[in-house]
2 protein chains.
Amino acid sequence: MRKESRLLRTIGQALVVTALFFLGFIIGWFAKNTNQPSADKDASNKYLREFLVEFQPDQIRDHLRKFTQLPHLAGSEQNLKYAEQIQSEWQEFGLDSVEMVPYDVLLSYPNKSQPNYISIVDRLGSEVFNTSLAEPVPQGYEDVSDIVPPYSAYSAKGQPEGDLVYVNYGRTEDFFQLQREMGINVTGKIVIVRYGRIFRGNKVKNAMSAGAKGIIMFSDPADYWAAGVQPYPDGWNLPGGGAQRGNVLSLNGAGDPLTPGYPAKEYTFRLDTEDGIGLPSIPVHPIGFHDAVPLLQNMGGPIPPNNWKGGLNVSYRIGPGFTEEFRTQKVRMNIHTNNQVTRIYNVIGRIRGALEPDRYVILGGHRDAWVFGGIDPMSGAAVVHETVRSAGKLLSKGWNPQRSVIFASWDAEEFGLLGSTEWAEDNAKVLQERAVAYINADSAIEGMYTLRVDCTPSLHTVVYDLTKQIASPEEGEEGLSLYESWHKRDNWTDDRDAPRISKLGSGSDFEAYFIRLGIAAGRARYTKNKKTERYSSYPVYHSVYETFEIVEKFYDPTFRRLQAVAQVRGGLIFLLADSQVLPLSASQYAVSLKKYAQSIAQLAQKHPQEMERFGVSFDFLFSAVENFTLAATDFHKRLETINTADPLQVRVMNDQLMYLERAFIDPLGLPGRPFYRHVIFAPSSHNKYAGESFPGIYDALFDIENSSDPQESWKEVKRQISIAAFTVNAAAMTLTPPA
Amino acid sequence: MRKESRLLRTIGQALVVTALFFLGFIIGWFAKNTNQPSADKDASNKYLREFLVEFQPDQIRDHLRKFTQLPHLAGSEQNLKYAEQIQSEWQEFGLDSVEMVPYDVLLSYPNKSQPNYISIVDRLGSEVFNTSLAEPVPQGYEDVSDIVPPYSAYSAKGQPEGDLVYVNYGRTEDFFQLQREMGINVTGKIVIVRYGRIFRGNKVKNAMSAGAKGIIMFSDPADYWAAGVQPYPDGWNLPGGGAQRGNVLSLNGAGDPLTPGYPAKEYTFRLDTEDGIGLPSIPVHPIGFHDAVPLLQNMGGPIPPNNWKGGLNVSYRIGPGFTEEFRTQKVRMNIHTNNQVTRIYNVIGRIRGALEPDRYVILGGHRDAWVFGGIDPMSGAAVVHETVRSAGKLLSKGWNPQRSVIFASWDAEEFGLLGSTEWAEDNAKVLQERAVAYINADSAIEGMYTLRVDCTPSLHTVVYDLTKQIASPEEGEEGLSLYESWHKRDNWTDDRDAPRISKLGSGSDFEAYFIRLGIAAGRARYTKNKKTERYSSYPVYHSVYETFEIVEKFYDPTFRRLQAVAQVRGGLIFLLADSQVLPLSASQYAVSLKKYAQSIAQLAQKHPQEMERFGVSFDFLFSAVENFTLAATDFHKRLETINTADPLQVRVMNDQLMYLERAFIDPLGLPGRPFYRHVIFAPSSHNKYAGESFPGIYDALFDIENSSDPQESWKEVKRQISIAAFTVNAAAMTLTPPA
């Protein structure tokens with residue numbers, strides 16, 4: 001028995017020892033950090049909630065007030081001061097690094113000693129009417145100096161004199177109608193067009209192509225006046241003395257006109273100004289509707305079609321020139337604007353990613369403003385500022401995002417997206433390899449109705465998911481999510497029950513990131529009701545009346561709309577930077593591609609005989625879209641089965657998601673536009689603002705209307721369909737399992 | 001005492017238990033698989049040794065014999081048969097997948113019913129001399145059909161008749177000398193030039209630019225005859241009846257002339273043939289030196305400079321036309337070669353990487369041959385075949401490379417690198433993101449002297465490391481490494497004591513991967529003694545005499561030279577695919593960049609006054625190289641400190657190494673050559689074979705000599721220096737710590 005009991009005890013001890021060994025083993029196994037995702041995911045969710053509640057309306061109000069006190073045109077002393085202030089505050093907020101990044105780009109300013117204006121001159125050359133030299137300054141800003149008067153940046157200098165021709169919005173189709181239906185030639189004439197519908201640079205280019213020697217653009221009440229609203233300061237409408245500043249370049253994504261393709265640094269080779277990209281060769285000038293009346297009211301020539309008539313009490317006759325009675329009067333433009341190479345400053349702040357420092361999520365928006373920038377861009381810049389502040393708070397609580405975050409305050413956006421484009425050129429190689437997404441932060445509000453989101457299809461899902469976690473900012477909608485509020489106001493279509501998300505066009509700083517480099521991109525802002533409010537953008541756009549007060553009094557008195565926009569922009573950055581699996585959807589891209597292919601094929605079907613005659617078919621494009629759809633479905637199925645504890649497995653699939661947008665880039669660019677390289681999304685050649693899907697095919701079809709050689713034109717349509725099919729197929733390949 | 005002893009025992013037990021717990025913990029900690037590198041590294045080294053000894057001379061001999069039995073021109077039935085055979089054998093060897101990838105590209109063949117030849121015709125139009133229609137067929141191959149006679153692929157059709165002008169090698173400088181110093185205009189003449197020094201396509205382009213209406217190229221004994229060697233079959237010299245086939249395109253990397261930038265697939269839009277890229281507009285024909293004598297011997301005109309004289313017993317007079325006595329005789333070319341869109345086939349085999357399936361290491365070489373391809377390309381294809389066989393053996397022993405390996409048998413290389421370029425275009429997006437390196441496998445031997453390596457600087461270190469592990473194949477060098485054998489035969493320079501490694505030019509299938517896509521690339525082969533053997537390439541190049549026997553009898557009777565080349569090519573693939581940290585050196589790139597910058601600055605210094613006058617400086621380029629050097633040094637220091645047990649840390653730095661070559665790509669391409677996009681390496685515009693460093697600057701400086709507007713030309717030099725400085729700076733940025 002003694003022996004037995006000792007044996008038993010030994011066995012018992014051995015069991016205990018073994019158990020302890022296993023306990024140790026198991027604890028050792030789990031103690032080892034292998035980036036366990038489940039715990040991190042919970043932590044990340046908790047941080048997201050804390051991040052969203054950190055955004056404060058009062059803080060946003062303070063930021064906006066602070067940065068709209070003084071005019072801060074690109075290249076001005078004041079804009080550098082704001083940059084320095086932003087740099088130092090971002091540092092205080094707790095970013096890992098904040099740097100100032102200068103470039104020397106071509107800007108354009110009025111000549112201070114020789115103001116720009118337009119005259120009506122009589123037969124003796126005396127000026128019988130002159131347009132105003134400045135806008136009436138709003139109350140409270142009377143002592144402010146350095147308010148730049150309305151002008152068209154990069155206008156050619158000159159004093160052309162001649163007869164006016166009115167050409168509606170100055171669109172390609174307006175000039176066609178003028179020339180073909182009305183038989184009016186504008187060679188040697190000065191054209192006058194109303195603002196709206198298309199980017200002003202396209203109007204200028206069209207006028208140049210038609211042979212005009214000058215172009216005047218005016219804000220017509222039909223396009224810049226909301227019914228039942230008072231002009232500023234009693235409401236948010238544009239006063240008759242207000243006018244829209246803006247650049248009139250045709251850059252097509254080139255950035256600084258003198259250094260296309262390369263950053264404008266100290267040592268960079270510069271083109272001579274006469275060879276600069278997209279500079280107009282004729283004088284250009286903008287006026288308000290008060291000044292437009294004297295120019296338009298005595299015009300002769302044919303009565304215009306009804307859709308050429310604006311909201312002024314004039315006949316909108318086409319010209320050329322004035323009626324018989326005033327025949328001897330001519331119009332003279334006096335333009336003395338100068339181009340000059342000027343230093344600009346981007347502010348770049350960074351948070352270094354904890355696990356993947358080489359993956360970048362970017363939030364960027366511009367800082368330069370035509371005058372105070374109350375809406376454009378400081379409503380957006382205030383939101384970025386608040387995002388940085390909130391992110392800093394989170395960092396101080398121990399948040400450590402998986403990927404790196406970059407915050408950018410761009411300069412000289414108003415001069416052709418220069419700051420953002422030069423930085424993209426400077427960092428192109430690194431961005432191509434490492435950028436996950438770019439979220440744009442221009443004006444955060446342009447209306448009082450609902451949310452507006454324009455983004456690449458792969459972001460659709462995360463935008464919906466996120467907006468369900470944000471509260472509606474509208475009074476009376478307590479308890480409703482932003483998603484619900486948005487959904488009820490702007491449902492997509494009959495066949496898609498979800499809030500509408502639109503395509504990205506151009507006209508803001510995402511351009512180089514999205515259209516040139518192929519980085520997934522999106523933007524969000526508060527907007528008007530498009531169905532009932534037909535004016536272009538918002539009435540005081542680019543005027544001196546864009547003040548802090550117009551936001552505080554009219555657009556967002558509680559600053560809760562800006563808060564909601566901040567939560568959307570910031571929340572997207574958070575989710576893109578800190579989700580273990582990137583919240584990008586290849587399947588949503590597939591859904592959109594199918595829709596776009598159908599719609600471009602339908603557009604071509606306007607010409608059934610020619611389609612037949614020249615053997616034009618969209619079959620290969622549809623089959624490519626089908627390939628893409630299958631690849632996307634498979635991809636997301638596989639994504640559900642990966643071992644998320646294996647960081648390489650996750651990285652391999654995240655890289656496929658990240659590079660999906662890159663796959664739509666054609667290094668050869670769109671025809672004649674080497675810096676527009678996205679085969680799925682780019683502005684049409686006829687309007688920089690409008691994002692077209694399959695822009696290569698779209699432009700080729702557009703040109704059919706105007707072609708003297710239909711065979712060549714249809715060949716180009718076929719070539720573009722082939723490029724689109726190849727690109728979609730190649731993008732599908734990037735989603736299949738590697739090797 | 002009793003109590004005390006129990007206490008002691010309890011303490012003792014507790015200590016044992018605690019110790020066991022810790023033992024368990026520690027074992028648990030280490031038992032967990034976190035891709036421990038040290039064990040893997042040993043395993044990988046063991047596999048490398050097994051891989052290298054697996055390469056068998058006899059196997060290589062067998063592969064070579066098997067694939068050189070019959071002519072296998074691109075687009076022929078036989079070349080498809082070899083493709084199918086390769087596919088099935090690679091499958092048997094054990095690759096994970098092997099697929100056949102077809103493209104439909106523009107090829108060019110002689111018209112079988114109307115042979116090409118050149119005549120001397122008398123005043124009555126009678127042919128008094130005709131060049132031969134074919135080469136004398138070598139012994140043993142008399143019954144072989146489908147030997148394509150010597151021709152210039154893509155020659156224009158036509159029967160131009162006129163006077164001959166002899167223009168030496170047909171280089172840019174030869175035409176300058178002809179026109180400026182000798183005052184001879186070739187407009188409307190037929191030029192005759194000797195092969196050698198530059199790519200034949202450049203000769204044709206120069207002749208076209210000078211206005212010639214036809215061009216004849218001949219192999220002069222001065223350039224294709226080794227002293228003291230018998231003509232084939234008694235030696236390896238070119239018989240007088242042999243001639244050099246070859247394409248005469250000026251593609252500049254475009255691939256298929258009808259589908260530049262896109263893969264030539266079923267649905268791809270094709271240019272009309274008359275708009276095809278790089279097609280010559282004049283007839284072109286190659287002849288051997290027997291046929292050259294009757295054309296040259298009666299030529300009149302000036303006596304040529306001595307360096308224009310070849311090795312034939314003729315005067316090499318320049319012309320135009322014959323001497324007085326034969327003045328009425330003219331030369332007529334009869335060229336009936338046809339272009340036609342033809343299906344070609346690449347064979348693509350893959351091994352899926354175990355840890356990083358999305359990282360690709362590529363070994364590719366062509367299969368199509370002008371006739372038998374005994375040297376070009378099958379000496380290389382046999383090496384690839386043996387590499388696949390050895391890799392298969394390794395796989396069967398349990399080897400599982402970290403990254404994916406791709407093996408390619410390209411088609412239609414001889415027609416302008418078409419198979420490899422179309423596949424690069426087809427897979428561009430995926431390759432840009434995932435390709436680590438491309439090793440080229442064209443002809444493995446062109447001489448009997450030593451190893452020749454051309455590669456990107458980042459591969460220098462691994463080439464040296466590897467060749468130290470390979471034995472010299474030379475008799476009497478038992479115990480010497482390949483490195484030592486190579487080193488003693490071809491030391492770099494006085495200031496660098498290491499075997500010479502050269503820059504990559506073009507002329508083989510690495511082009512699209514290296515110069516267009518920016519993938520690190522290299523090639524290796526056995527070569528002649530350049531100091532003593534002055535003939536171009538090797539004498540029988542592109543003739544019917546490139547048989548299996550010429551290799552077996554003369555070039556490599558033991559097949560140990562081919563074995564050594566196989567070990568170099570295969571060993572590089574192994575190390576690139578299976579080293580935990582990529583064996584790429586940024587520091588070696590820095591060393592080379594410095595040398596290149598010095599050498600291009602020195603070239604410019606030929607024009608000190610103009611440099612001064614136009615303010616041309618290389619300072620920013622030198623400063624960029626300095627930035628790059630510092631960044632590279634820092635990078636490699638950091639690389640030594642990373643935690644190699646953390647797969648993400650390793651991947652982040654490997655990605656920086658992989659993308660380093662990509663950083664030298666300018667998406668805008670070199671001037672006028674959109675598919676040559678590498679700012680550091682590309683062929684000069686004047687000779688496709690020669691790789692130049694800083695080719696943009698080089699070409700701009702070359703054009704200075706020939707410029708009618710020096711100010712504009714120097715502006716272009718400055719622009720190119722600025723682009724080079726930017727690119728080197730941007731590449732330096734990719735090496736700094738991310739974010």
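Two strands count as paired if DSSP finds at least two bridges between them. Helices (H or I, at least four residues) and strands (E, at least two) are DSSP runs, numbered from the N terminus. The structure is a predicted model, in which local features need pLDDT of at least 70 and side-chain atom pairs count only at pLDDT 80 or more, while totals for chains, interfaces and linings use all residues. Residues are numbered from 1 along each chain as its sequence is written, chains are lettered from A and ligands numbered from 1 in the order in which they are written, and side-chain values use heavy atoms, with hydrogens and water left out.

**Sheets**

In chain B, seven strands make up an open, mixed sheet in the order β1-β12-β14-β13-β15-β19-β16. Its edges are β1 (97-109) and β16 (450-455) of chain B; each has a single partner strand, so one side of each lacks a neighbour in the sheet. From one strand to the next the twist averages 20°. Angles run from 0 to 180 degrees between N-to-C directions, and axes are lines fitted to C-alpha atoms, for helices over the stretch in contact. Within this sheet, β15 (residues 435-440) and β19 (residues 521-527) of chain B run parallel and are joined by three bridges. N440(B) has R523(B) as its bridge partner in β19(B). Helix α10 (residues 418-426) of chain B lies across β1, β12 (338-351) and β14 (403-410) of chain B, at about 120° to β1(B).

In chain A, four strands form an open sheet with parallel pairing, ordered β6-β7-β8-β10. Here β6 (164-166) and β10 (284-287) of chain A are the edges, each with a single partner strand, so one side of each is without a neighbour in the sheet. The twist averages 25° from one strand to the next. Four bridges connect β8 (residues 214-218) of chain A with β10(A), and the two run parallel. I216(A) is bridged to H285(A) in β10(A). Helix α8 (residues 289-297) of chain A packs on the sheet and touches β6, β7 (190-194), β8 and β10 of chain A; contact means heavy atoms within 4.5 Å.

**The two chains**

Chain B superposes on chain A by a rotation of 180° with 0.0 Å of shift along the axis (RMSD 0.0 Å). This is the relation of a two-fold axis. Of the contact residues of chain B, 100% recur in chain A.

At the interface, 69 residues of chain B are in contact with 69 residues of chain A. The two chains bury about 6,400 Å² between them, 68% of it on carbon and sulfur atoms; buried area is the accessible area (1.4 Å probe) that two parts lose on being put together, summed over both. On the chain B side, Y267(B), K429(B) and F726(B) lose the most area to chain A, together 13% of what that side buries.

**Salt bridges**

A salt bridge is a side-chain nitrogen of Lys or Arg within 4 Å of a carboxyl oxygen of Asp or Glu. Over all chains there are 84 salt bridges, and six are found across the interface of chain B and chain A. Two examples follow.

| Residue | Partner | N to O distance |
|---|---|---|
| D655(B) | R651(A) | 3.0 Å |
| D426(A) | K265(A) | 2.9 Å |

D426(A) lies in helix α10 (residues 418-426) of chain A and K265(A) in the loop between β9 (246-247) and β10 of chain A, 161 residues apart.

Definitions and conventions. Copies are superposed by least squares on the C-alpha atoms of residues with pLDDT of at least 70 in both.
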